[in-house]
Amino acid sequence: MAVVAFFVFSLLYLTPGDPAAVIAGDIATDEDIRRIRATLGLDEPFLIRFGTWVWALLHGDLGTSIFTNLPVTRLIGQRVEPTVALTLCTLVVAVAIAVPLGVIAAARAGSWTDRAIMAFSVLGFSVPVFVLAYILILTFSTGLGWLPVQGYRSITDGVWEWLRHLILPSAALGTVYIALIARITRATMLDVLAQDYVRTAQAKGLAPAQVLVGHALKNAAVPIMTVVGIGIALLISGAIVTETVFAIPGIGRLTVDAILRRDYPIIQGVILLFSAVYVLINLAVDLSYMFFDPRIRY
Amino acid sequence: MIRSFRSVTGACAVVALAMAGATLSGAALAQQKVLKFIPQADLRILDPIATTAYITRNHGYMVYDTLFATDAKFQVKPQMVEKYELSKDKLTYTFTLRDGLKFHDGVPVKSADCIASLERWAKRDALGQKLAENTEAWTAVNDKTFRLKLKKPFALTLDALAKPSSNVPFIMPERIAKTDPFKNIEDPTGSGPFKMVKEEWVPGSKVIYVKNTDYVPRKEPPSWASGGKVVKVDRVEWIYIPDSAIAAAALSAGEADWWEQLPPDLIPLLRKNKDIKVENIDPLGSMGLIRFNHIQPPFNNVKMRQALLYVVNQQDYLLGIAGDVKNGRTCYSYFVCGTPLSSETGAEALKGKRDFDKAKKLIAESGYKGEKVVIISATDQPIVHSQSLLTTELLRKLGVNVELQAGDWGTLITRRTSKEPVEKGGWSIFHTWLVGPDLTSPAVNFAIRGSGEKGWFGWANDPKVEELREAWFATTDAANSKKAAEAVQRQAFEFVPYVPTAQFILPTAYRTNLSGLIVAPVAFLWNVEKK
């Protein structure tokens, strides 16, 4: 995390752009910008700025937004719920759909079902999230009027309202993820299904479903979990596009807006948060291996 | 076991109560008239003095009020002021505030608040600085009356106090107005017709305002920022939707009531919707401009700048910016067309037949030897980028060695501060646009100025235009003012601080259940009724 913190700060320091110029607005002079820069401490040398930031960070303070004057922790706090809701909803739906699809495709390898699932998978992988989002909005929001076009409602506004606002963004974001997991599940299952113990299970006369789920899928779970874990990074980057298209006030949009305005404290805070989350996810995935494969011990 | 069961039951009950509470507050909200407005940009900075960003100016109009305001006939009208007097020697103004003016925290508006606010404004705003140059002192006579003593008569005193666009002299509580003018204020307490609900503000997503029930509107009908600011809804939600296609869909689906500025490509689509009205409610629109770097070759040579006057076709720029010539007009004036000081004096080169031969001749006379010209552009600002593409093409046709370097707006506005040559990260040309109210006179059109390195980016240095501008400030009647403005413009067309590209209006779109929108250069949200 310390390395990430140093690199993030250094990269932002070297990136062209000056928040003081953005604050001053189009109608400003050099002197206006210089005064604003001095007020914000942006004219301090690199080491002093870095030291100040690290000192505050060690005290749990991520700083204050240069533009809104609001604490970065508050800004991130406002955005956590929509992003977590969108990511979890997408993850749950994607895994629930993709794993059975991958298992069915593997069980019927070479059949039309397999080809159809793989064709869907290629399509899901190829269509950009924003294109899919527009198609979904055109069909289900402006066309049929079933679901809202944009925005987010907190779960405290009612579970149905919350879900209604998540269905289209999750569908748009989840398609790539479904495609990825379905392909990996199929490939892994095909490997496992060729193993001797599967043939033994079939020879014992076990039902095909029992062989697939009880024997094959459980043994294929470790690589699938690895991809699910890696895919969360994919989800986070996809969430940035999804949140922008559906105007969801999540962390992804906060990041993009901050980058466009060079709001350094927010960018630094969000990247640190993302790195911490990613480390925790990897840890969780590693620990989950023990559950799926008792031979694995740490 | 029983204890944990009770804990779980208790927790469920708390959650259920919270949900019920949320539902109740949602029901209470449903009883209110809520105006959902999609603004032109995201509100990031709350201080309309520290920044000139138009979105912050618009926020300012929601929460603050002004002493005076300009009406649709360009007349200055009292707003917070009940009455004022000017002494016979024209050196002392005495202002008396209206009864019942209160800030959002319930504290009455006093003379000290007005003086502190105007002093802070005068440290940032160009016209404010001009007023400050002529000011001897502001003094409070009592809580409701205060005095401005001038060093010498300044005919534009009331125009300055009624300035309609950035920076607007908004009145804030003294405790806030004492803030360093280069530091953003955080407290949005004003005395305007709306109160900002800061706790509900989600930067990048929404800004919430509620009706200020203590506000006492004037009796006169609204006209631009003057007259009665009667609020006819309980709550206004500014919903920022960055994707224009989604904003259009949200308006069509009734998730928003009003979209402030339409991108040109979506106008035909929304015009087909019978539930939506697409209108031009901005009488002045905005003007695009080509700004030169006056301190670096080749545009430090006046002939290079003049060459562009002969080839810029405003119709092309209008199409590029607004998509349709109906969304604007050609305007061969440095003072926005449709205002008293606009004229075509000295504009022959820009207005006449497009003459590439003449332009090439001027370029040759300038001694141009193929130096690289860098146009910096921002692809996230369509108005900037469309102009940049057109200018690049024009310069190529003229045989200029031009390179378009496109980035984002944040990069452009940083890079344009560089005074270095293009080889060291400098620039030759950038494009932008200014709203009509910022171009009505030599007092507010800062881009026309020739104040050199102290001036706007590009650093045009033209002592003659500065001298003519001073002469304009000294005029006291309309006829002389017009004549003096024409002289400024004639000189500007000679010196070419920038090239005006087109006057364009980005229409607004609103659902048909709205009425009472005020025709003005700013989207004012008072007087708007929702059925």
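Two residues are in contact here if their C-beta atoms, placed from the backbone, lie within 7 Å. This is a predicted model, where local features need pLDDT of at least 70, side-chain atom pairs count only at pLDDT 80 or more, and totals for chains, interfaces and linings use all residues. Residues are numbered from 1 along each chain as its sequence is written, with chains lettered from A and ligands numbered from 1 in the order in which they are written.

**View 1. Met287(B) and its contacts.** Met287(B) sits in strand β15 (residues 286-292) of chain B; strands (E, at least two residues) and helices (H or I, at least four) are DSSP runs numbered from the N terminus. Why does Met287(B) count as buried? Because it has 30 C-beta neighbours inside 10 Å, and 20 or more other C-beta atoms within 10 Å make a residue buried. Skip the neighbours within four places in sequence, and Met287(B) still touches Cys331(B), Val336(B), Trp433(B), Leu434(B), Leu439(B), Pro500(B), Ala502(B) and Gln503(B).

**View 2. Strand β1(B) and its partners.** Four of the five residues in strand β1 (residues 34-38) of chain B are buried. β1(B) pairs in the parallel sense with β12 (residues 235-239) of chain B over four bridges; pairing takes at least two DSSP bridges between two strands. Val34(B) has Arg235(B) as its bridge partner in β12(B). Two bridges also join β1(B) to β13 (residues 258-259) of chain B, running parallel, and there Ile38(B) is partnered with Trp259(B).

**View 3. Where chain B meets chain A.** The contact takes 45 residues from chain B and 47 residues from chain A. On chain B's side, the elements giving two or more residues are α1 (2-31), α7 (244-252) and α14 (409-415).

Note on methods. Buried ≥ 20, exposed ≤ 12 C-beta atoms within 10 Å, placed from the backbone.
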